[in-house]
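Please keep the sequence and the model in view while reading.

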Amino acid sequence: MNLTLYYSNDCGHCRRFQKTLDKIAQERQQVSVSRIEYDPSIHTEVKFIPTVVVSHGERELGRFSSALAKKTIDAWLDQLEEYIKFYLR
């Protein structure tokens with residue numbers, strides 16, 4: 001599972017949130033984190049930052065726009081892992 005973070009270096013929430021995603025990736029071996037610096041002229045599908053897009057292979061499983069609490073993200077990722085296990089393998 002890959003988490004793609006759209007961020008801006010000028011965004012304080014983005015900088016703090018990157019630490020949360022790094023911790024999640026350290027705790028979950030099957031999760032990788034990619035970072036893309038947001039450019040509104042290129043990334044027209046992203047409306048707010050920080051935005052995280054969760055994907056498995058080439059399939060987008062979901063996304064959220066906000067610096068959510070780690071506990072909330074962990075619970076959501078647990079549900080997505082169950083979905084992958086039963087429906088995408």
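**Aromatic pairs and nonpolar core**

Tyr83 is partly exposed, its relative accessible area being 35%. The model that gives this value is a predicted one. Tyr87 has a relative accessible area of 61% and is therefore exposed, since the cut-off for that class is over 50%.

**Aromatic pairs**

- The count of aromatic pairs comes to 3.
- One of them joins Phe17 and Phe64 edge-to-face, with 6.2 Å from centre to centre and 85° between the planes.
- This pair links distant parts of the chain, as Phe17 belongs to helix H1 (residues 12-27) and Phe64 to strand E4 (residues 59-65), 47 residues apart.
- Phe17 and Phe64 are both buried.
- Tyr83 and Tyr87 form a tilted aromatic pair, at 5.3 Å centre to centre and 35° between the planes.
- Tyr83 and Tyr87 are separated by about one helical turn, because they lie 4 residues apart in helix H2 (residues 70-88).
- One aromatic cluster is made up of Phe17, Phe64 and Trp76.

**Nonpolar core**

- The largest nonpolar core holds 18 residues, and those that touch the most other members are Met1, Leu3, Phe17, Leu21, Val52, Val54 and Leu77.
- Two or more residues of this core come from each of strand E1 (2-7), H1, strand E3 (51-56), E4 and H2.
- Leaving aside residues up to four places away in sequence, Leu21 touches Leu3, Leu5, Val33 and Val52.
- In soluble globular proteins, nonpolar side chains tend to be buried together.

Terms used:
Residues are numbered from 1 along each chain as its sequence is written. This is a predicted model: local features need pLDDT of at least 70, side-chain atom pairs count only at pLDDT 80 or more; totals for chains, interfaces and linings use all residues. Side-chain values use heavy atoms; hydrogens and water are left out. Rings of Phe, Tyr and Trp (its six-membered ring) pair if their centres lie within 6.5 Å; planes under 30 degrees apart count as stacked, over 60 as edge-to-face and the rest as tilted. Buried means under 20% relative accessible area, exposed over 50%, partly exposed in between (1.4 Å probe, protein chains only). A nonpolar core is a set of buried Ala, Val, Leu, Ile, Met, Phe, Trp, Tyr and Cys residues joined through side-chain atoms within 4.5 Å. Contact means heavy atoms within 4.5 Å.
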